[in-house]
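Welcome, and please open your viewer. This tour goes from one selection to the next, with a short note on each stop.

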Amino acid sequence: DTGVSQDPRHKITKRGQNVTFRCDPISEHNRLYWYRQTLGQGPEFLTYFQNEAQLEKSRLLSDRFSAERPKGSFSTLEIQRTEQGDSAMYLCASSSPQGGNEQYFGPGTRLTVT
Amino acid sequence: GQSLEQPSEVTAVEGAIVQINCTYQTSGFYGLSWYQQHDGGAPTFLSYNALDGLEETGRFSSFLSRSDSYGYLLLQELQMKDSASYFCALGETGGFKTIFGAGTRLFVKA
């Protein structure tokens with residue numbers, strides 16, 4: 001297994017457009033996290049999946065953000081009506097119950113909203 | 001709410017030992033983790049403390065004191081490649097959220 005992968009690696013979009021990002025976790029990992037990271041800050045929690053169930057979503061997350069993990073494998077994060085403040089690195093991480101607290105991060109998708 | 005505080009920058013010399021502190025406020029957490037992130041890279045897991053005390057993993061050690069709401073990451077025999085950002089993070093009890101600190105940027109000088 002090659003680790004967590006994310007697609008695309010970079011996305012430039014105009015304000016008001018919708019964007020969708022994909023995350024493929026490590027295959028045996030049932031836990032999946034989405035984070036947002038801006039320059040000079042730590043990853044900010046967005047949402048968490050255990051298998052296909054979305055068990056937690058940040059209260060800071062606006063209704064323009066939605067995430068799915070339909071078959072408990074890959075996940076998508078959609079941002080509707082993008083705003084310039086959405087420009088950030090979007091990171092996905094996965095972990096297994098046997099792995100303790102260790103999360104494996106993907107390379108991220110860098111979003112630029114113009 | 002939950003929050004973690006770390007120094008924004010630390011500078012040390014190659015071969016030295018450096019300690020990066022993390023203080024936190026939380027209503028409950030499972031344990032304290034540490035991650036390393038090089039510029040342009042993804043965070044990578046370094047260490048985890050579920051209980052008070054010291055955990056050692058090669059050149060890296062991490063410490064937790066729940067009574068003091070404090071932890072630290074200790075890096076020994078510093079190498080130039082250790083120049084990176086280091087984040088402490090805690091997993092909340094009663095939920096599934098992981099909260100990260102703002103990170104400490106470590107500069108290792110020759």
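This is a predicted model: local features need pLDDT of at least 70, side-chain atom pairs count only at pLDDT 80 or more; totals for chains, interfaces and linings use all residues.

**Stop 1: the disulfides**

Over all chains, the count of disulfides comes to two. Start by selecting Cys23(A) and Cys92(A), whose sulfur atoms are 1.8 Å apart in a disulfide. The link between Cys23(A) and Cys92(A) is left-handed, with -65° about the S-S bond. Now show the strands of chain A: Cys23(A) sits in β3 (residues 19–24) and Cys92(A) in β9 (residues 88–95), so this pair links distant parts of the chain, 69 residues apart. Are these cysteines buried or exposed? Cys23(A) is buried, with a relative accessible area of 0%, and Cys92(A) is buried with 0% as well.

Move to chain B and select Cys22(B) and Cys88(B). Their sulfur atoms lie 2.1 Å apart, and they form a disulfide. This link between Cys22(B) and Cys88(B) is right-handed, with 75° about the S-S bond. Because Cys22(B) lies in strand β3 (residues 18–25) of chain B and Cys88(B) in strand β9 (residues 84–92), the pair ties together parts that are 66 residues apart in sequence. Both Cys22(B) and Cys88(B) are buried.

**Stop 2: the aromatic rings**

There are 16 aromatic pairs over all chains. Select Tyr48(A) and Phe96(B), a stacked pair with 4.8 Å centre to centre and 10° between the planes. Tyr48(A) belongs to strand β5 (residues 44–50) of chain A, while Phe96(B) is in the loop between β9 and β10 (98–100) of chain B, so the pair joins two chains. Tyr48(A) counts as buried at 1% relative accessibility, whereas Phe96(B) counts as partly exposed at 35%.

Next, pick Tyr35(B) and Phe45(B). This pair is edge-to-face, with 5.6 Å centre to centre and 75° between the planes. Tyr35(B) is in strand β4 (residues 29–37) of chain B and Phe45(B) in strand β5 (residues 44–49), so the pair ties together parts ten residues apart in sequence. Tyr35(B) is buried, at 1%, and Phe45(B) is partly exposed, at 22%.

**Stop 3: charges over rings**

Select Arg22(A), which lies over the face of Phe74(A) at 4.0 Å from the ring centre. Then go to chain B, where Arg66(B) lies over the face of Phe29(B), at 4.2 Å from the ring centre.

Methods:
Residues are numbered from 1 along each chain as its sequence is written. Chains are lettered from A and ligands numbered from 1 in the order in which they are written. Side-chain values use heavy atoms; hydrogens and water are left out. A disulfide is a pair of cysteine sulfur atoms within 2.5 Å. Helices (H or I, at least four residues) and strands (E, at least two) are DSSP runs, numbered from the N terminus. Buried means under 20% relative accessible area, exposed over 50%, partly exposed in between (1.4 Å probe, protein chains only). Rings of Phe, Tyr and Trp (its six-membered ring) pair if their centres lie within 6.5 Å; planes under 30 degrees apart count as stacked, over 60 as edge-to-face and the rest as tilted. A charge sits over a ring if NZ of Lys or CZ of Arg is within 6 Å of the ring centre and within 35 degrees of the ring normal.
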